[in-house]
Amino acid sequence: MNYLSTRGHPARKRFSDILLEGLAPDGGLYLPEHYPQISEARLGELRRVYQEQGYAALAFEILSLYIDDIPAADLRAICDRTYTAAVFGTKEIVPLRELEDGFYLEALSNGPTLAFKDMAMQLLGHLFEYELGRRGEELNILGATSGDTGSAAEYAMKGKRGVRVFMTSPHGRMSPFQQAQMFGLQDANIHNIAIEGVFDDCQDIVKAVSHDAEFKRRYKIGTVNSINWARLLAQVVYYFAGYFQATRGNGQKVSFTVPSGNFGNVCAGHVARMMGLPIERLVVATNENDVLDEFFRTGVYRVRAGADTHETSSPSMDISKASNFERFVFDLLGRDGAEVRRLFADELGRTGRFALQAHPSFADASGRYGFASGRSTHADRLATIRDTWERFGTMIDTHTADGVKVAREQLQPGVPMVVLETALPIKFAATIVEALGREPDRPRQFEGIESLPKRVTVLPADAQRVKQYIAEHCQ
Ligand SMILES: *Cc1c(COP(=O)(O)O)cnc(C)c1O
């Protein structure tokens, strides 16, 4: 399998080459040259693989369609090490829970950091260790986080050979639980850097360091951000696992609703659908930051300014632009790299928006590609959390609540609806208390983590000081 850039660059790469890279050289995102097709007979075989051999075996089958430069036995071993009941809490790894007739939650957040990002990041940790070992190289991952991504990356990379993590976060601005989760890690290859500033300062520092090509090369700086193809690929697997659990036979169609921010999660659903998984609708659920809902309703993609980006009670969906969206637009426009380059590199850069409503392909978004969308507000979240608790005795987090609210608006008779549960309520306790008047349950392994010793270095919002810290901690 070869990979190409969404902006038309002529180079073709293999999986292992793009694994450790970020953007393509022309600023585009990597996608496979084609989506392998799963016939109905093959879908039946995959269902049996999941039922009889488990999630890791299913992951191997899907991943090996896209990864042909890692020996099969090695890839299988990586999947087996990643997707264990010990790490993800259950044998199913992503168990489905039926709330009411044909309306399901798919649990993606029982990994080490209690958010769905573990599903991909845990695999990435094992893949990085494998590939760096094979090359005899090292990598220093530099990131900025306001919560979920940073902790998922740290729990995936902790103790891995050849990898160090330098994770910046805004000093004193993460929840006590999130701080305890990250700063409580005692592994020598994990470095928490609390920046005296806000999240944007952290991001600016990461950008400044990454733009220093000499420093980047010398200190082997890399990232694990959401545009990484391997992360997206790992997420394709749980659409299959969700489908198999929601259906008995392969004739049936299922819809998925996905709480969305950077469009990574739902883009994996798009890939699964392109492979032939019988998905009726892919419903994009946004919060008040409704860049994506606006696009699917109107055809206008308009990125927001910082001041226009709302701080909400589903903070992992607070985005100003959706970094994976370009992948879908590439498919929507018939894989016309020149047109994607014009839209994303020129028009968006110049005007902050582009409009596709008059484009002949726009109708395909809801037609051929099955997309629908909706938005949810703080009041909706509270009402949905309360309703789900009162009627079903199930406590859901704020992001999943956005999904449940929007999913209800998109139900079709006879089509099961699966809402992806993207985090556990304990991560967003303040809003749960506001909705239910009680604290969320805390999984046993997280009891008392706030009192663990904390490993964190506080630095001023100054890229130079962060570079100095990295240089001093790189051997
Ligand atoms: C990251 C995240 C999202 C958004 O996922 P995308 O892939 O960026 O669309 C939603 N919910 C939670 C809890 C998250 O951590």
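Predicted model: local features only at pLDDT ≥ 70, side-chain atom pairs only at ≥ 80, totals over all residues.
Local features are described where pLDDT is at least 70 and side-chain atom pairs where it is 80 or more, while totals for chains, interfaces and linings use all residues. Residues are numbered from 1 along each chain as its sequence is written, and side-chain values use heavy atoms, leaving out hydrogens and water.

Buried stands for under 20% relative accessible area, exposed for over 50% and partly exposed for values in between, computed with a 1.4 Å probe on protein chains only. Tyr 239 has contacts (heavy atoms within 4.5 Å) beyond its neighbours within four places in sequence, including Phe 256, Val 258, Leu 277, Ile 279 and Leu 420. In soluble globular proteins, nonpolar side chains tend to be buried together.

H11 also packs against helix H12 (residues 264-274), at an angle of about 65° and with the axes 8 Å apart. Here axes are lines fitted to C-alpha atoms, for helices over the stretch in contact, and angles run from 0 to 180 degrees between N-to-C directions. The crossing of H11 and H12 is right-handed, that is, the near helix is turned clockwise from the far one by less than a right angle. Residues that meet across this pair include Trp 229, Leu 232 and Tyr 239 in H11 and Val 266, Ala 268 and Val 271 in H12. The contact comprises 11 nonpolar, four polar and no charged residues, where Ala, Val, Leu, Ile, Met, Phe, Trp, Tyr, Cys and Pro count as nonpolar, Asp, Glu, Lys and Arg as charged, and the others, Gly among them, as polar. Because 10 of its 11 residues are buried, H12 is largely enclosed by the rest of the structure. Its buried residues, His 270 and Arg 273 among them, pack against elements including H11, strand S9 (254-259) and strand S10 (279-286). Just after H12, Gly 276 takes a positive phi of about 110°.

Helix H3 (residues 55-63) is likewise largely enclosed by the rest of the structure, as nine of its nine residues are buried. Glu 61 is one of these buried residues, and the cover over them includes helix H2 (40-53), helix H4 (72-82), helix H6 (117-135) and H11.

Finally, two single residues are worth a look. Gln 179, in helix H8 (residues 176-183), is buried at 19% relative accessible area. Pro 10 sits in the loop between strand S1 (3-5) and helix H1 (15-19), and its 68% relative accessibility makes it exposed. Pro 10 and Gly 337 are 327 residues apart in sequence, yet their C-alpha atoms are 10.0 Å apart in space.

Notes. Helix = DSSP H or I, 4+ residues; strand = E, 2+ residues; numbered from the N terminus.
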